[in-house]
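Here is a walk through one protein model, meant to be read with the structure open beside you.

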Amino acid sequence: RHYKKRCQGRMRKHVGDLCLQAGMLQDSLVHYHMAVELLRSVNDFLWLGAALEGLCSASVIYHYPGGTGGKVGSRRAQGGSLSAEAGNRHRPGKDGISGLFCALTSNGINADTSAEIGRAKNCLSPEDIIEKYKEAISYYGKYKNAGVIELEACVKAVRVLAMQKRSMEASEFLQNAVYINLRQLSEEEKIQRYSILSELYERIGFHRKSAFFKRIAAMQCAAPSIPEPGWRACYKLLLETLPGYSLSLDPQDFSKGTHRGWAAVQMRLLHELVYASRRMGNPALCVRHLSFLLQTMLDFLSDQEKKDVTQSLESYTAKCPGTMEVITLPDGLKLPPVPFTKLPIVKSVKLLNLPTSLRPHKMKSLLGQNVSTKSPFIYSPIIAHSRGEERNKKIDFQWVQGDVCEVQLMVYNPMPFELRVENMGLLTTGVEFESLPAALSLPAESGLYPVTLVGVPQTTGQITVNGYHTSVFGVFSDCLLDNLPGVKTNGCTVEVIPALPRLQISTSLPRSAHTLQPSSGDEISTNVSVQLYNGETQQLIIKLENIGTEPLEKLEVTAKTVNTKEKLYGDFLSWNLEDTLCQFPLKPGKIATFVVNIKVKLDFSCQENLLQDLSDDGISVSGLPLSSPFRQVVKPRVETKPLNPQESSKVGDFSHVKTLEAILNFKYSGGPGHAEGYYRNLALGLHVEVEPSVFFTRISTLPATSTRQCHLLLDVFNSTEHELTISARNNEDLILHAGECQRMAIQVDKFNFESFPESPTDGAQLANAKQLEEERQQARGLEINSKLDICWKIISLKREGEASVEGVLNQLVLEHLQLAPLQW
């Protein structure tokens, strides 16, 4: 009887399989249900599990006619085609297990007309399906050789649970499937087993678990036991694991926000991709994955790992340099380029203005130069809005075509060793631009380090600096500023104007350590200095050299005295520009000469400490012949000398030096830039130190011995350290040694004066003298340069209190007395 029930139960199960394959769904449910009752009574567990699995399969076909192998969550289609379980029991062996993991597909058989009959009695509910699968799997687990069908049941249950969106219960079935022992599986079958497990985990939303089993499948492709490892299959499977570990091969995904995923696992996976690429014989892939590892995982690498990765990268790039080209894999996957934006890290980018001497200036005109948009309207909100956007990005200075332009980057090196950056230059758009590459070496973990990149614009228009390019560890990178987080810029667009000539000046005077700063804020390119004695004239020879590529056509020279409170007599700086302009237009490489006369005339009177040293109370003039000058050496009084012997140790060393400063501005233009109304300005700073030369310490007159003549007595002091000669009209030359004071007599013609008073006593007498002097000038047509003019000017100015006698004498001697060339 026991044997009879077993045979009946197995037969019922077999008939149920045939009905299911024939599309008779209701009949199969009845036969499976009866087989379960018969086999349960005789404890035939293996066939009982098979009958339960068949009952579950028929119920699944009824509930999910679209099949469980399609998209998750597909709904039941009313009146649609039914699905049959593709699954005769497979024969053991390689051919039998190869179809073990196939999906449940539709066989196209029409539905049974009696589908609704007895459904409530024999068809399982969705919850009961899972319970029966569990029971069937538990029965399979009692037999060691039933691992294949046990695994198949687990897979089917997981797909049903995936349709029901019961992920946690599905994971329990998969966890059980992992530990099922399948004996004597080939390497291909092992790879297929782990791949299907990965696919199922993916369907239930366990992405990291799915990536784990797919990585195991990839490692199985290159197992040591395989004679010919499948490195290409291994590489392909490893690429499929990347989404599960939140890893993308696009470096831009790592520049946004915080890092996602486990960095340690990601680095391990990238190392495995590099190794698989190398075993595939593709060095370009090795370089790309190593570059990606170094760029995206730099913050998680230890110092030793950084050194190891960079050494490996250098060894690979020696054979195949890294480029910015997109690598396309055979399956169509594209690997984007990996620019090294962290080697070095750039914190700020600043476009630099040209040096002061090379900056272009726009010539002023009656019309406004700021109107850049042609419009018949005075104001338009659309135009104003667009101008505002351009102003935020455009810089307010200009570059010049053909001139070297600079961009300053603040960078630092995050590596624990010296970083060598080669072939670093600018990336620009808009204007043809010749970037001059630079090479730099940054110390280990250096702070912010300024790097200046230069280039030459070849055409005119708008130029935009988009980024920079580098070559680090043999990898060429194009780093765009838009992809650099946290980079500060003050604008990246600048206007390039037409070419202008370049002027370089060299002078006959030595350079000065004094730097002049004009009030306008412009800088001075060159500063020169000279030391002169009061009244001395010296020539400043300036060579103008055109070092540019455009001819020099226009030149204007102006001078301005700065930072001085001294009163100047006469012209301080004078020149004749016509002689220089005769050499224009000045072609490139040619030199023109420009001469500037420097003549200093200052008032050194009214200095108390100097007058004390020049006091000469012991001089007497009585009884001396007027024809010969009186000479006497002045001996300074001891009590008036400085206490510190280092301050003054010899006669004439009084340190009464005055300073004059002036700026020569050379405004020049030429070439295409001149046609557009641009010019350049070059400033030359002049520092002049003026030392006193001749002082008139005392003045007196002698009584007239003739109605036509009188004599003026002057005490002249030589404050220089050199011997000099003073020449007065109609008088003998007077030679003064260093620190010597002498008295000289000047013969004065009185002309129509009846008397020559030493000093006017009242205003009427002074007015009478001035009137007579004016009449004499009109009658004789003489210039005001005679000795008589000197006398009356001294007397009148002294009377009116406009100036001191010493000041007037110093002024007059510079205007009217001819100083012979100083002999030193």
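## Ground rules

Helices (H or I, at least four residues) and strands (E, at least two) are DSSP runs, numbered from the N terminus. This is a predicted model, so local features need pLDDT of at least 70 and side-chain atom pairs count only at pLDDT 80 or more, while totals for chains, interfaces and linings use all residues. Residues are numbered from 1 along each chain as its sequence is written, and side-chain values use heavy atoms, with hydrogens and water left out.

## Helix α10 and what packs on it

Start with helix α10, which runs over residues 207–221. The helix has 15 residues and spans 21 Å from its first C-alpha to its last, close to the 21 Å expected at 1.5 Å a residue. (The expected span is 1.5 Å times one less than the number of residues.) Its buried residues are Ser210, Ala211, Phe213, Lys214, Arg215, Ala217, Ala218, Gln220 and Cys221. Here, buried means under 20% relative accessible area, exposed means over 50%, and partly exposed is in between (1.4 Å probe, protein chains only). As a reminder, an α-helix has 3.6 residues a turn, so residues three or four places apart point the same way.

What covers those buried residues? The cover includes α8 (167–178), α9 (187–203), α11 (231–240) and α12 (263–280). Take α11: its axis and that of α10 come within 8 Å and cross at roughly 170°. That makes α10 roughly antiparallel to α11. On the α10 side the contact is made by Lys214, Arg215, Ala217, Ala218, Met219 and Cys221, and on the α11 side by Ala233, Cys234, Leu237, Leu238 and Glu240. By class, that is eight nonpolar, no polar and three charged residues.

A few terms for that paragraph. Axes are lines fitted to C-alpha atoms, for helices over the stretch in contact, and angles run from 0 to 180 degrees between N-to-C directions. Angles under 35 degrees count as roughly parallel, over 145 as roughly antiparallel, 65 to 115 as roughly perpendicular and the rest as oblique. Contact means heavy atoms within 4.5 Å. Ala, Val, Leu, Ile, Met, Phe, Trp, Tyr, Cys and Pro count as nonpolar, Asp, Glu, Lys and Arg as charged, and the others, Gly among them, as polar.

## Salt bridges

How many salt bridges does a search of the whole structure find? It turns up twelve, where a salt bridge is a side-chain nitrogen of Lys or Arg within 4 Å of a carboxyl oxygen of Asp or Glu.

Next, Asp299 and Lys342 form a salt bridge at 3.8 Å, N to O. Asp299 sits in the loop between α13 (283–296) and α14 (303–317) and Lys342 in the loop between β2 (334–335) and β3 (345–351), so the pair ties together parts 43 residues apart in sequence. Asp299 counts as exposed at 62% relative accessibility, and Lys342 as partly exposed at 22%.

Then there is Arg680 with Asp403, a salt bridge at 2.1 Å, N to O. Arg680 is in strand β23 (residues 678–691) and Asp403 in the loop between β5 (394–400) and β6 (405–412), 277 residues apart. Arg680 is buried, with a relative accessible area of 0%, and Asp403 counts as buried at 4%. Elsewhere, salt bridges that share partners join Glu53, Glu152 and Lys156 into one network.

Most residues other than glycine have a negative phi, and most peptide bonds are trans. Leu343 to Pro344 is a cis peptide bond, with omega near -5°, and Pro344 is in the loop between β2 and β3. Phe584 and Pro585 are also joined by a cis bond, omega about -5°.

Lys165, not a glycine, has a positive phi of about 60°. Lys165 lies in the loop between α7 (147–163) and α8 and counts as exposed at 61% relative accessibility. Ser246 has a positive phi near 55°, sits in the loop between α11 and α12, and counts as partly exposed at 32%.
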